[in-house]
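Subject: Structure for your files

Hello,

Here is the structure I said I would pass on. Please look through it before reading my notes.

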Amino acid sequence: MSETADLYQAIIMDRTKNPRHAGKPPHFNREGHGDNPMCGDRIHVYVADDGTQVHHESRGCAIMIASAELMADAVAGLTADAIAERRKAFEAMVTTGTTNPTLGDLNALSGVSEYRSRIRCATLPWSALTAALEGAK
Amino acid sequence: MSAALKSEFLDVTAIRKDFPILAQTVHGKKLVYLDSGASAQKPRMVIDAMMHCMEAQYANVHRGLHWMSERTSDAYEAVRDKTAAFLNAASREEIIFTRNATESINLIAHTYGRAILKPGDAIVISEMEHHANIVPWQMLRDSHGIELRIAKITDSGELDFTSLEEKFADGKVKLLAITHMSNVLGTYTPVERLAAFAHAHGAKILLDGSQAVVHRQVDLQAIDADFYVFSGHKLYGPTGIGVLYAKRELLDAMPPFLGGGDMIASVSYERSTWAKPPYRFEAGTPAIIETIGLGAAIDYVLSIGFPAIAAHERALTDHGLATLSKIEGLRILGAAQDRGGVISFTMEGAHAHDIATLLDRQGIAVRAGHHCAEPLMGRMGVTSTARATFAMYTSMEEIDALATGLLRVKQVFA
């Protein structure tokens, strides 16, 4: 389906159908929540501090779940400052559609820039992660 | 293809020519607009009437003594007559112009709700209401001590009368506020029966006609409705204009909603007195141009005629339900006996958003999400759905295009 191949890349479909970071982990230090009132999508993010490990419980579309998965890959082991920087770069990438070599697999989501109403699906996991990192332990 | 563009009930080809936007392409594909339940497209007649108003006959209403103001006031007030006739209201004074159905319901909650209802009284709504018929009553409950009760629906998406009777059993219910047609399930509610039921229990009835008024002839005197609301933009008219109907004796007893110009009889610093209905409820300069547009929309709908519109949409709905139910993994919400051209569905393995995006890329516009009816989503055991809604300009080919589009979605998410 050529007209949407840019959006639903193989890695997005794969991570949506076979998530690796889904579910509540046995140990975590922080948690944060994200809601999209427009569509009812929601995500809950769990963060284990030592060497940052992220898990998520998600109810949403393919873009949101794949974004949560790729985010969990991308922030593993990073400091809060480095995560904030990565979030900024990610949001710039999905808004402009310009891929960024430092973002690796996250670039698979660059197609959402063409679908304005879907950008929020891709950024929701990052909002939840920020809420978790900024919230009390 | 299952059927020719020419419907046996009306000339869809000719009707489509009246709607300039339907000739547009989206992503290089012919626009297939299946989101009329959210807002309908506008016929040339409405566009021209609004243009004519601005180009040739415009001034403020009810104020000027000059020629232009008098003519504009006449045109504005003529729409009140037209609307009263359209709904078969007993008199023109029972028609209040608002911004939309949401504002109409809020007006009732603020005036009738605060001045006539008493703390301890109860209001009943159903499980299939739009947020516009939930939230204003919650706000009234919290500010005014009104109890809010929810009557259940059945799994097929029809009102559960046993539950309704239970809600009314203690005699505290003073208002039944319920949809005339669900924007998610397409269910028509049995409004004559509901009005008789409410009245027999000493309660008034408010009907949210936002969906129903587009598809069926509404006769308010036959229904014996106390309040009826709808929005112009779903009825092929412009945004920014809505209607509130209320029986005259109710309006007479209701205090104003907003204060300002046009709604007064006299004003002094000590005290102001209120104009009679309908003007008591129309503070400030109204949406003059949009009201003229609504008048043209009513004329347009009546020129096609409800018998033809209803028969065409019935055929579309039957075809839509038959075609979509053949798609494996697709679940259609609701199965009411009396249902209109609203089909909400979910698809195994594909989220509603992804369905809508993939369809959009094929030029097909559907809505996805909770349709401003989150509690109903919970009741039906889903979090969001995709929704196709039909209008008088919808063709059988467009429903076939939707089915083909959904098969492609299935390929991607298989």
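This is a predicted model: local features need pLDDT of at least 70, side-chain atom pairs count only at pLDDT 80 or more; totals for chains, interfaces and linings use all residues.

Chain A

Chain A contains four helices and three strands. Read from the N terminus, their order is α-β-β-β-α-α-α. Its radius of gyration is 14 Å, close to the 14 Å that the globule rule gives for 137 residues, so chain A is as compact as a globular protein of that length. The C-alpha trace of chain A extends over about 45 × 30 × 25 Å along its principal axes. Of the 137 residues in chain A, 43% are buried. If one takes the contacts in chain A between residues at least 6 apart in sequence, 58% of them link residues at least 24 apart.

Chain B

In chain B there are 15 helices and 17 strands. A compact globule of 414 residues would have a radius of gyration near 22 Å, and the 22 Å of chain B agrees with that. Along the principal axes, the C-alpha trace of chain B covers about 70 × 60 × 35 Å. Buried residues account for 52% of the 414 residues in chain B. Of the contacts in chain B with a separation of 6 or more, 70% come from residues 24 or more positions apart.

Where the chains meet

Chain A contributes 15 residues to the contact with chain B, and chain B contributes 17. On the side of chain A that touches chain B, nine residues are nonpolar, three polar and three charged.

Helix pairs

Two packed helices are described by the angle between their axes and the distance between the axes.

In chain A, helix α2 (residues 62–75) and helix α4 (residues 119–134) have axes that come within 7 Å and cross at roughly 45°. Angles under 35 degrees would count as roughly parallel and those from 65 to 115 as roughly perpendicular, so α2(A) and α4(A) are oblique to each other. The crossing of α2(A) past α4(A) is right-handed. On the α2(A) side the contact is made by A:Ile63, A:Met64, A:Ser67, A:Ala68 and A:Met71, which meet A:Cys121, A:Ala122, A:Leu124, A:Pro125, A:Trp126 and A:Leu129 of α4(A). The residues of this contact are 10 nonpolar, one polar and no charged.

In chain B, helix α12 (residues 306–324) packs with helix α15 (residues 396–413) at an angle of about 20°, and their axes are 10 Å apart. That angle makes α12(B) roughly parallel to α15(B). Their crossing, too, is right-handed. From α12(B), B:Leu316, B:His319, B:Gly320, B:Thr323 and B:Leu324 meet B:Met396, B:Ile399, B:Asp400 and B:Ala403 of α15(B). Five residues of the contact between α12(B) and α15(B) are nonpolar, three are polar and one is charged.

One loop residue

A:Ala22 is placed in the loop that runs between α1 (10–17) and β1 (30–36) of chain A. Leaving aside residues up to four places away in sequence, A:Ala22 touches A:His56, A:Glu57 and A:Ser58. From A:Ala22 to A:Gly111 there are 89 residues in sequence and 23 Å in space, C-alpha to C-alpha.

Regards

Note on methods:
Residues are numbered from 1 along each chain as its sequence is written. Chains are lettered from A and ligands numbered from 1 in the order in which they are written. Helices (H or I, at least four residues) and strands (E, at least two) are DSSP runs, numbered from the N terminus. Two residues are in contact if their C-beta atoms, placed from the backbone, lie within 7 Å. The radius of gyration is taken over C-alpha atoms; the globule rule is 2.2 Å times the number of residues to the power 0.38. A residue is buried if 20 or more other C-beta atoms lie within 10 Å of its own, exposed if 12 or fewer, and partly exposed in between; C-beta atoms are placed from the backbone. Ala, Val, Leu, Ile, Met, Phe, Trp, Tyr, Cys and Pro count as nonpolar, Asp, Glu, Lys and Arg as charged, and the others, Gly among them, as polar. Axes are lines fitted to C-alpha atoms, for helices over the stretch in contact, and angles run from 0 to 180 degrees between N-to-C directions. Angles under 35 degrees count as roughly parallel, over 145 as roughly antiparallel, 65 to 115 as roughly perpendicular and the rest as oblique. A crossing is left-handed if the near helix is turned anticlockwise from the far one by less than a right angle, and right-handed if clockwise.
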